[in-house]
Amino acid sequence: MKSVKEKRPAGQKQYYRRKKVCKFCVERIDVINYKDVKLLSQFVPERAKIMPRRISGVCSRHQRQLNDAIKKARNIALLPFATE
Amino acid sequence: MRNYEIMFIVNPSVAEEEIDKIDTQIEGVVTSGGGAIEKIEKMGKRRLAYEIDKHREGYYVLFVIAANGDIVKECERRLRVMDPVIKYLTVRTDDEARRLEKIRNYRQKRAERRNTGAKAAPAQSIEEAMQ
């Protein structure tokens, strides 16, 4: 374990990953409405699956709200469950 | 009384008057039960994200109402019975609205505190400087 830690500093220099931020926190979007298809569709890639947090960078609280909104939108056919 | 949003999809091939008839019926259920209608929004024809009963398109209607559970139950029952209605969704909105208000209040308070804090700080430093 220790040897891995010692190697880190050299590894970190090789690439720099931009820190992801939660879109909803940054833009101060308080309510994630299920009718806002434009906003929600940013978080459902082609297969119509909900984008995971580790990719989108959304914070856990907003991810939860986003999940609810997407599921409601799916129910009323604003968003697809799956694409062919 | 709670606030709800009822959204439903009507078969798009149905005549406009038919949709109006459904609207008035739902309106009647809500008002006669002691509820209030805040808004009726006809969102118009939209492509459905997936096929429902062979339909690819639908006419969306949104009701924003203040009512109790019994009224909502009755509305849903009516919608289920009506043939031109393809699908419906009821969402409760009042708890969400309350949460939003709380956030707004908190934010405002914090902004105020920051303003007063900014004013107080320089004054204090002047006093310190005089001492």
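**Chain A, then chain B**

Author: Chain A has five helices and zero strands. Keep in mind that this is a predicted model.

Reader: And in what order do the elements of chain A run from the N terminus?
Author: They go α-α-α-α-α.

Reader: How much of chain A is buried?
Author: Buried residues account for 20% of its 84 residues. As for contacts in chain A between residues at least 6 apart in sequence, 70% of them join residues at least 24 apart.

Reader: Is Arg28(A) buried or exposed?
Author: Exposed, because it has 8 C-beta neighbours inside 10 Å.

Reader: OK, switching to chain B. Where is Lys54(B)?
Author: Lys54(B) lies in the loop between β2 (36–52) and β3 (55–67) of chain B. Its phi is near 70°, a positive value, and with 6 C-beta neighbours inside 10 Å it counts as exposed.

Reader: How do α1 and α2 of chain B cross?
Author: The axes of α1(B) (residues 16–32) and α2(B) (residues 69–81) come within 9 Å and cross at roughly 160°. The two are therefore roughly antiparallel.

Reader: Which residues make the contact?
Author: Gln25(B), Ile26(B), Val29(B) and Val30(B) from α1(B), with Ile71(B), Glu74(B), Cys75(B) and Arg78(B) from α2(B). They divide into five nonpolar, one polar and two charged.

Note on methods. Residues numbered from 1 in each chain as written. Chains lettered and ligands numbered in written order. Predicted model: local features only at pLDDT ≥ 70, side-chain atom pairs only at ≥ 80, totals over all residues. Axes fitted to C-alpha atoms, helices over the stretch in contact; angles between N-to-C directions. Helix = DSSP H or I, 4+ residues; strand = E, 2+ residues; numbered from the N terminus. Parallel < 35°, antiparallel > 145°, perpendicular 65-115°, else oblique. Contact = placed C-beta atoms within 7 Å. Nonpolar A, V, L, I, M, F, W, Y, C, P; charged D, E, K, R; others polar. Buried ≥ 20, exposed ≤ 12 C-beta atoms within 10 Å, placed from the backbone.
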